[in-house]
Amino acid sequence: MQNRTTIAAIATPPGRGGVGVIRLSGPKSYAIAEALSQTALPKARYAGFRKFLDAQGEVMDEGLTICFPNPHSFTGEDVVELQGHGGPVIQNALLARLLELGAVAAKAGEFSMRAFENGKMDLVQAEAIADLIDATSQAAARSAVRSLQGAFSSKVNTVLENLIHLRLHVEAAIDFPEEEIDFLADGKILRLLDEVSASVSAVQQSARQGQLLREGLQVVIAGKPNAGKSSLLNSLAGVERAIVTDIAGTTRDVLHEKITLNGLPITLTDTAGLRETGDVVEKEGIRRAIQEIEQADLLLLVYDLSQGENPLELAKNYFAEHIEPKRLMLIGNKCDLTGAVPALGDLHGFRHVTVSAKQETGVQALIDAVTAHAGFQPEEDTFIARTRHLDAMTRTQRYLAEAREQLTVFHAGELVAESLRLAQNALGEITGDFSADDLLGKIFGSFCIGK
């Protein structure tokens, strides 16, 4: 640790504020902070008022200095926090002075990466810091806190311990063949293997909910002009975000709105009406609409009930390759004009919802249908999760399935052991037990500077 550089960064967001915080971490943190104020530092974890001086001894700013000695600090190194005024000019000047005194500008996420490397947290907890900062809903924030406190890591580590126990049992049986017991046929290995696989599946289910909380759902509203797409967006968003008129083709561009429905973060996209047109601007809007449709997690095809249209025929005409029940939901709008009752049903295997966006009737049923379609059922113990976590668990399950096949079909003990080793490595990637340097760089590089 003593050979490491001492890093410094502004820890508060850019802009004006009452207080601005600069962090130092590393072996020279105390010496640099003392040189900045030319005064002895306050005792550990006590705030001391200090003047911050430039190279000529002139006062640049004044504020509080707080010291956190290693190893009992966020990074596990000596850490100093300087709390001055929050103007960007003075904050940048103070940071420049710290760099003159021997600090090095921190990279994105370097404080958290040092905390990970020094054993202050595992990789899941480090990621949870960024997820807590970026949370777009109360549910996502609570889930990120649970991950930060170790709920996700605890579940993964429990499965890892069981997997390691299984590996030890297999390896011991291979190493002592003189024992007159056929371990491949005694049933214990298969039972333990199935128990581990079931445990991974349970964690996977919670992780899928956490991934939805973190990443949300990309929902695109599409349909012909004047079907009521913009009215539906306004109704779901609860504000007048899109212009609504009786003139066909009012929406010419893509409109994004971030909302939360039943606790699920959603990026809702309104698009230009799909039709044949000679208008150059409208053509561009339709091209962009098709781009959004191709990237959507869920497509809401809105059609006008009063026109007697067949929504599946519309879907075939405009985006045939996207017609699949898991990505397409049919929304019959303007039921107030036909006397139809808002309802949730099924149309040839596709979920079908009847609404009146203008009267805002049937909208809650639509919201419930969207969240149910995503499989979103948040629980009190849901933890935040990322795509890489789910990928690691998918690979773990694949290796466990291979181990089961080697055991039950080929009775190949050495191959069972190898598959279990690969499963352990894949699962260990989640907490950082087995993580390549390039993966760590990618993860921490997405963090804030100063965190």
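Author: Happy to. A salt bridge here is a side-chain nitrogen of Lys or Arg within 4 Å of a carboxyl oxygen of Asp or Glu. This is a predicted model, where local features need pLDDT of at least 70, side-chain atom pairs count only at pLDDT 80 or more, and totals for chains, interfaces and linings use all residues. Residues are numbered from 1 along each chain as its sequence is written, and side-chain values use heavy atoms, leaving out hydrogens and water.

Reader: Thanks! How many salt bridges does the rule give?

Author: The count comes to 23. One of them joins the side chains of Glu62 and Lys51, at 3.1 Å from N to O.

Reader: And where do Glu62 and Lys51 sit?

Author: Glu62 is in strand 4 (residues 59-68) and Lys51 in strand 3 (residues 48-53), so the pair links distant parts of the chain, eleven residues apart. Strands (E, at least two residues) and helices (H or I, at least four) are DSSP runs, numbered from the N terminus.

Reader: What about Arg114 and Glu110, buried or exposed?

Author: Both Arg114 and Glu110 are buried, where buried means under 20% relative accessible area, exposed over 50% and partly exposed in between (1.4 Å probe, protein chains only). Their side chains form a salt bridge at 3.4 Å, N to O. Because they are four residues apart in helix 3 (residues 110-117), about one helical turn separates them.

Reader: Switching to the core: which residues touch the most other members of the largest one?

Author: That nonpolar core has 34 residues, and Ile266, Met329, Ile331, Leu366 and Val370 touch the most other members. Its largest share, five residues, comes from helix 12 (residues 363-373). By nonpolar core I mean a set of buried Ala, Val, Leu, Ile, Met, Phe, Trp, Tyr and Cys residues joined through side-chain atoms within 4.5 Å.

Reader: Nice. What does Ile266 touch?

Author: Leaving aside residues up to four places away in sequence, Ile266 touches Leu217, Val219, Glu257, Lys258, Ile259, Leu261 and Val370. Contact means heavy atoms within 4.5 Å.

Reader: Last one: how far does helix 13 reach?

Author: Helix 13 (residues 387-410) has 24 residues and spans 33 Å from first C-alpha to last, close to the expected 34 Å. That expectation is 1.5 Å times one less than the number of residues. His411 follows helix 13, with a positive phi near 50°.
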